[in-house]
Amino acid sequence: MDVRLQRCFVALIPDSGALDAIDAWRAPWRAGHIAGIRWIPREQVHLTIRFIGALTPDGEACLINEWPTLTPVPDVLPASHAAMLPSAKRARVYALELISAPAFLAWVARVDVLMERAGVPAAARPLRPHLTLARLRGDPPASTRDFERVHPVPPLITFDTLVLVSSTLTPAGPRYARLAAVPAGRSLP
């Protein structure tokens, strides 16, 4: 198999207003300089719709050619709560979880159909919509457990772009390259 792109994923990118709200929400927490936390830079905050992994040239061409068929793209999701994922006991990520309405899940099913046409294996687990805000090393710091009670989450996250991304891991963190993009359209009912 001719594989050129090793770490690809489909993501919704929050618009600048949502990123401003997220930055304001996490600012008091970031100011604490908590050891063992690597904050996700603002320009890398996204909602992963589907992790793809390796992508062949034929799969890449299929996805890029058919990317516009995914419109209309949802442009708003309500925020639910701050969360440690995969669980508070085994936390590796601090995230803002989002609420997925039935219309959003129907749209995600359309993404899955396109992935299948591109030869991408089915997702290993159901989508758990969230924005990763920080990566944790070691045990979660106790000071993060009550953060949501002190700082209520932003009520809505708005998105402006759906992207197909190739990620390259570097010692300084991942580098992202956009392979395809369409603007978010209207909200789904």
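From the N terminus on, the elements of this protein follow the order β-α-β-β-α-β-β-α-β-α-β-β, and together they come to four helices and eight strands. The model is a predicted one. Of the 189 residues in the protein, 44% are buried, and the protein exposes about 9700 Å², of which carbon and sulfur atoms supply 57%. Among contacts between residues at least 6 apart in sequence, 80% join residues at least 24 apart.

In soluble globular proteins, nonpolar side chains tend to be buried together. In this model the largest nonpolar core has 50 residues, and W67 and L131 are the ones that touch the most other members. Helix α3, which covers residues 102-117, gives the most to this core, with six residues. Apart from it lies another core, of five residues, including F9, A11, I13 and V163. Once neighbours within four places in sequence are left aside, L131 is in contact with a set of residues that includes P14, I22, V45, H46, L47, Y94, I157 and F159.

**The two annotated histidines**

The UniProt record, an unreviewed entry, places the feature "active site" at H46 and H130. These residues span 85 residues in sequence, yet no two of their C-alpha atoms are more than 8.3 Å apart, so they gather at one spot. Both H46 and H130 are taken in by the lining of the largest pocket.

H46 lies in the loop between β2 (37-39) and β3 (47-55), whereas H130 is found in strand β6, residues 130-136. With a relative accessibility of 14%, H46 counts as buried, because the cut-off for that class is under 20%. H130, with a relative accessible area of 22%, is partly exposed.

| Side chain | Backbone oxygen | Distance |
|---|---|---|
| H46 | Q44 | 2.7 Å |
| H130 | R128 | 2.7 Å |

Not counting residues up to four places away in sequence, H46 touches F9, A11, L12, I13, P14, H130, L131, T132 and Y176. With its neighbours within four places in sequence left aside, H130 is in contact with H46, L47, T48, L85, A95, L96, E97 and L98.

Technical notes
Residues are numbered from 1 along each chain as its sequence is written. This is a predicted model: local features need pLDDT of at least 70, side-chain atom pairs count only at pLDDT 80 or more; totals for chains, interfaces and linings use all residues. Side-chain values use heavy atoms; hydrogens and water are left out. A nonpolar core is a set of buried Ala, Val, Leu, Ile, Met, Phe, Trp, Tyr and Cys residues joined through side-chain atoms within 4.5 Å. Buried means under 20% relative accessible area, exposed over 50%, partly exposed in between (1.4 Å probe, protein chains only). Helices (H or I, at least four residues) and strands (E, at least two) are DSSP runs, numbered from the N terminus. Contact means heavy atoms within 4.5 Å. Accessible areas come from the Shrake-Rupley method with a 1.4 Å probe; for residues, only the protein chains shown count as cover. UniProt positions are given in the numbering used here, feature names are shortened, and annotations may be inferred rather than shown by experiment. On a 1 Å grid over the protein atoms alone, a cavity is a set of points where a 1.4 Å probe fits but cannot get out, and a pocket is an open set with protein on both sides within 12 Å along at least five of seven lines; lining residues have an atom within 4 Å of a point. A polar contact is a pair of N or O atoms within 3.5 Å; within protein, one must be able to donate a hydrogen and the other to accept it, and residues adjacent in sequence count only if both atoms are side-chain atoms.
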